[in-house]
Amino acid sequence: MKCWSLPDASTAITIAAVIFLHAIIPPAAMAAVVEHTFIVSQVKMTHLCNETLVTLVNGQFPGPAIEVTDGDSVTVHVVNKSPYDLTIHWHGVKQQLNCWADGVPMITQCPILPNHNFTYKFNVAGQEGTLWWHAHVAFLQATVHGALVIRPRHGASSYPFPKPHKEIPIILGEWWQMDLERADWGIAHGVDLYFGASTINGKLGDLYNCSGSIEDGYVLDVEPGKTYLLRVINAALFAEYYLKIAGHKFTVVASDANYVTPYTTDVIAIAPGETMDALVVADAAPGRYYMVALPNQSPEPDPQSPVLITRGIVQYRRVQAPAGDTPVSPEMPDQDDLMPSLHFHANLTGLLHHPHQPTPVPTQVDERLFITLGLGTVCRRGHSCKRSQSNETFTVATMNNISFQQPAVATPLLKLHYHNTNRMDMLLQELPDKAPRVFNYTDPALIPPGPKEAKLEPTSKAALARRFRHGTVVEVVFQGTALLQSESNPMHLHGHDVFVLAQGEGNYDAARDVARYNLVNPAIKNTVHVPRLGWVAIRFVADNPGIWYMHCHFGFHLTMGMVALFIVEDGLTTDTSLPAPPADFPSCRHI
Ligand code: C2O
């Protein structure tokens, strides 16, 4: 294992060294190496009168932001001083020909063991906007995460919108008062657990207090008349958020590091894994305004969670707030109303005529998949058992009625794939083209305690995967179901962006819905939000060789197995084939 001299851990400061490769090349073409050291350790933090041991990068919650210019290389030295096995995933970075750096434990790499180090190296090419990074192990994502901001090569003046006065990351997250690895284990084993508070940039805000002491909230100072670019990231495990600022509007200009047609709205809906870049003009009467993030949820009869709203303040500079003056509050959507989310997402379209808008949507589709998303149960022992909430079963999350199970091998699958071992095929089960049975997927009578779900409940576990020849054009329709719950599902594909062709409520019907496909300017995303009791159709080109996770970004669905592997085979040339793994790759614990 490679070693470096470590910075003074007590100061725990991110080292961001920008080394210019060729000082003489003109600025627009200058590629830099952006280097960070991430020291992952456990730190005691106190909120809501409780001291909790949390796992953080460089002692920061959220972790340090990585800021790069399109075309840069990124080097991150991860020093694991936590007691957990770790990987870091660079969410949304395409990792062209670099699947080894994708950071999925036992798929692309062995995890970094406690007291071990590993250096991630990747290039950011052809992407602009907001992405993020997070741990991809258990629930540690809740505290091990941060922004990854990619600026255009030609500077802020080449934004396809007026240059903002300031750019501000707004990370929505959760405060958990428990050990996250144990929380993850609990969720996987059917225990009901929930976080303690929502956060904006790590702050709980003034709706939370204990013994009379009010939690700090995030404060954004603005100058009248200026425009701010908020880079909003949902890093939470459990909920989609509605975000509003009283008296102000957002103009959404990008999502998942792809520009969108500017869309003005007073509410942003953002599901876990998504990012939204939005301009806000400080054009209200100078004063103080609440910025509120409200977690939404499916209405009853789905089980209801506590509504843990968080808020910060947008405050105009040089405005003296009289004592006792309360900031203006926005009127929030109802927490059980998911229509604003459906409308928000359906209103996003890709920005045409931008150099980063990739080639037009491929019209020739090679493979079509119809994937149902839902819950099911497996027997704790054997293959037959009592269902319907009996304790002989536990609940899992599925795609086409199969729940992902990590294959028990001591080598990451990508290595087996690279060495062309047919051993890998014996470990995997093919993700079928469609659900094993056709039913009225979104029939509200299926939602428990509806009468119909019991016979649809039995499911199975397998290492679910699907192989694609290099260059295959894949169309996927994700169909939400009412099986055991009626949640929405933010589906995230690693290593690729996808065109979002259409979305709707109810059951997808090709005869009706294909005509609604937007093949002109669809939004391009890495995380698509499949609406509650609805569907989304996407298309992408499988042209990045490797093994890519495709999963629901709700932490509980991921832990419960709503995952499949998309295996993209090598092309015919070296520059369409996966290169050899990095020389200093971590080795695995023996299992
Ligand atoms: Cu941010 Cu596998 O995900």
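At which residues does UniProt place the feature "domain: Plastocyanin-like"? In its unreviewed entry, UniProt places this feature at residues 41-153, 167-300 and 432-570, and the views below show these spans and their surroundings in a predicted model.

**View 1. Two of the spans that the UniProt record annotates as Plastocyanin-like, residues 41-153 and residues 432-570.** Over residues 41-153 the chain is 46% strand and 0% helix, and the C-alpha atoms at the ends of this span are 34 Å apart. Residues 432-570 are 43% strand and 6% helix, with 22 Å between the end C-alpha atoms of that span.

**View 2. Domain 1 and domain 2, as the domain assignment of the chain divides it.** Domain 1 covers residues 33-346, and domain 2 covers residues 367-576. Their centres, taken over C-alpha atoms, are separated by 25 Å, and 53 residues of domain 1 are in contact with 52 residues of domain 2. The size of an interface is often given as the accessible area lost when the parts come together. For domain 1 and domain 2 the area buried between them is about 4,000 Å², of which 60% is on carbon and sulfur atoms. On the domain 1 side, the residues that lose the most area to domain 2 are Trp 100, Met 106 and Ile 107, which together account for 16% of what that side buries.

**View 3. Polar and charged pairs across the interface of domain 1 and domain 2.** Between the two domains, 27 residue pairs are in polar contact, counting pairs with both residues at pLDDT 80 or more, and the rule finds 3 salt bridges across this interface. Lys 94 forms a salt bridge with Asp 497, with 3.9 Å between the closest N and O atoms. Several elements give two or more residues to the side of domain 1 that touches domain 2, among them strand 6 (88-91), strand 8 (129-135), helix 1 (180-188) and helix 2 (339-346). The largest share of that side, 5 residues, comes from helix 2. By residue class, the side of domain 1 that touches domain 2 divides into 27 nonpolar, 19 polar and 7 charged residues.

**View 4. The salt bridge between Asp 70 and Arg 153.** By the rule applied here, the salt bridges in the model come to 19; in the one shown, the side chains of Asp 70 and Arg 153 meet with an N to O distance of 3.8 Å. Asp 70 lies in the loop between strand 4 (66-69) and strand 5 (73-80), whereas Arg 153 lies in the loop between strand 9 (145-151) and strand 10 (166-175), so the pair ties together parts that are 83 residues apart in sequence.

**View 5. Backbone details at Pro 62, Pro 301 and Ser 211.** Most residues other than glycine have a negative phi, and most peptide bonds are trans. The peptide bond from Phe 61 to Pro 62, however, is cis, with omega near -5°, and Pro 62 is placed in the loop between strand 3 (50-57) and strand 4. Glu 300 and Pro 301 are also joined by a cis peptide bond, with omega about 10°, and Pro 301 lies in the loop between strand 21 (288-295) and strand 22 (310-316). Ser 211, a residue other than glycine, has a positive phi near 45° and lies in the loop between strand 12 (209-210) and strand 13 (213-214).

How values were computed. Residues are numbered from 1 along each chain as its sequence is written. This is a predicted model: local features need pLDDT of at least 70, side-chain atom pairs count only at pLDDT 80 or more; totals for chains, interfaces and linings use all residues. Side-chain values use heavy atoms; hydrogens and water are left out. Domain bounds come from an automatic or database domain assignment. Contact means heavy atoms within 4.5 Å. Buried area is the accessible area (1.4 Å probe) that two parts lose on being put together, summed over both. A salt bridge is a side-chain nitrogen of Lys or Arg within 4 Å of a carboxyl oxygen of Asp or Glu. A polar contact is a pair of N or O atoms within 3.5 Å; within protein, one must be able to donate a hydrogen and the other to accept it, and residues adjacent in sequence count only if both atoms are side-chain atoms. Helices (H or I, at least four residues) and strands (E, at least two) are DSSP runs, numbered from the N terminus. Ala, Val, Leu, Ile, Met, Phe, Trp, Tyr, Cys and Pro count as nonpolar, Asp, Glu, Lys and Arg as charged, and the others, Gly among them, as polar. UniProt positions are given in the numbering used here, feature names are shortened, and annotations may be inferred rather than shown by experiment.
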